[in-house]
Amino acid sequence: MTDGSGDGRDPLPPVERLRPGLWTIPVPLPNNSLRYVFVYAFETDRGVYLVDAGWNTDEAYAALEAGLRVAGYEVGDVRGVLVTHIHPDHYGLAGRIREASGAWIALHPADANLIRDRYAEPTDLLALVGTMLRRAGAPAEEIATLRSAAMPVRRLVDAVLPDVLLEDGQRPEVPGWELSAIWTPGHSPGHLCFWEPANEVLLSGDHVLPRITPNVSFHPQAGSDPLGDFLRSLDKLAPYQPGEVLPAHEHRFLDLHQRLDELRAHHAERFREVLAAVRDGDTTAWAVARRMSWSRPWDRIEGFMRRAALGEALAHLRALEQRGALREVVGEPSHWLFTERAADLTG
Ligand SMILES: [Zn+2]
Ligand SMILES: [Zn+2]
């Protein structure tokens with residue numbers, strides 16, 4: 001989870017050539033503890049193709065421009081932008097790159113479908129988020145703030161529609177490279193990883209990061225069981241044996257399978273925490289979220305971070321519902337109770 005404490009004092013990682021024809025360009029995320037997103041650039045005889053783009057700010061655009069120049073290109077040489085998912089730090093700048101270069105933008109359809117309601121016409125979505133918050137048991141005095149907590153990032157996004165829809169297993173047209181898309185829903189419903197077989201590298205987006213666990217939230221655009229999706233998407237990477245994983249944040253790393261195990265263990269521990277909370281009578285999602293352990297005390301988790309924490313609690317509750325351990329007694333607020341079968345499942 002981000003905590004907004006990034007202060008820009010540490011230098012960004014360098015622009016680097018990772019393999020022949022493959023570059024990494026860190027693009028800054030001001031006032032964000034993640035500090036930067038890695039854009040990956042693939043050289044071809046027709047120009048350069050990017051995986052992810054960065055936020056739509058002048059600073060990000062300038063950093064991308066400078067990074068491409070190190071690799072020997074201009075923004076006008078970009079032919080395609082493969083976007084791992086529609087979060088602003090990945091997709092926000094794609095429209096501006098397309099404008100400058102005529103590049104196509106590719107997204108998974110499940111994320112492409114969310115653009116209009118999320119970024120262009122959010123009135124209906126805000127109403128749904130309000131209902132979700134009341135159902136989750138958020139205190140009345142916090143609902144207005146939490147409902148609109150994601151609105152400030154809209155200005156970091158150029159809400160353009162993609163030119164290319166990439167389904168699971170499809171190969172984007174990047175000449176000379178055999179990239180393939182792996183649909184890994186969870187962190188976002190249309191999240192894509194990319195496998196590059198010649199160098200055996202996996203571009204993991206936000207799905208698998210080396211140190212932090214990606215936020216997996218239940219919300220009106222998340223599908224019915226985003227955490228179940230996320231865990232299945234971890235399993236989906238099991239057949240791959242990358243020599244190196246190229247994530248969108250933090251740093252590159254070697255051992256994919258160890259990291260997959262750590263992420264599974266993290267959520268297993270989270271499930272135990274959530275079940276213990278319900279057992280103790282904390283039966284609303286809000287009460288469960290307050291009980292879960294976070295990187296800082298609940299009282300210091302504010303705004304969008306608080307909504308993301310609540311979304312994580314809800315994602316765990318929904319996944320436990322799918323597993324038959326809990327059931328939701330729907331109301332405002334809803335209460336989460338053990339099912340008859342729960343004793344067998346949870347010991
Ligand atoms: Zn993301
Ligand atoms: Zn990200």
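**Sheet and zinc site**

Trainee: What order do the four strands of the open sheet take?
Mentor: This is a predicted model. In it, the four strands run β8-β9-β10-β11. The sheet is open and its pairing is mixed.

Trainee: Which strands stand at the edges?
Mentor: β8 (180-183) and β11 (244-247). Each has a single partner strand, so one side of each has no neighbour in the sheet.

Trainee: And what does the twist average?
Mentor: It averages 25° from one strand to the next.

Trainee: In which sense do β8 and β9 pair?
Mentor: Antiparallel, over four bridges. Strand β9 covers residues 192-196. Isoleucine 182 stands opposite cysteine 193 in β9.

Trainee: Switching to the metal. Which residues coordinate the zinc ion (ligand 2)?
Mentor: Asp89 (OD), His90 (NE2), Asp206 (OD) and His249 (NE2). The distances are 2.1 to 2.3 Å. In sequence, the donor residues are spaced D-H-x115-D-x42-H.

Trainee: Where do histidine 90 and aspartate 206 sit in the chain?
Mentor: Histidine 90 is in helix α2 (residues 88-91). Aspartate 206 is in the loop between β10 (201-205) and α8 (226-236). They are 116 residues apart, so the pair links distant parts of the chain.

Trainee: Are those two buried or exposed?
Mentor: Both histidine 90 and aspartate 206 are buried.

Trainee: Why is the arrangement around the zinc ion (ligand 2) irregular?
Mentor: Because the four donor atoms subtend angles of 86 to 155°. Tetrahedral would need all angles between 85 and 135 degrees.

Trainee: How far apart are the zinc ion (ligand 2) and the zinc ion (ligand 1)?
Mentor: 3.5 Å, and aspartate 206 coordinates both.

Key
Residues numbered from 1 in each chain as written. Chains lettered and ligands numbered in written order. Predicted model: local features only at pLDDT ≥ 70, side-chain atom pairs only at ≥ 80, totals over all residues. Heavy atoms only, no water. Donors = N, O, S within 2.8 Å, 3.2 Å for Na, K, Ca; no water. Tetrahedral: all angles 85-135°; square planar, octahedral: opposite > 155°, others 65-115°. Helix = DSSP H or I, 4+ residues; strand = E, 2+ residues; numbered from the N terminus. Buried < 20%, exposed > 50% of the residue type's maximum accessible area, 1.4 Å probe, protein only. Pairing = 2+ DSSP bridges. Axes fitted to C-alpha atoms, helices over the stretch in contact; angles between N-to-C directions.
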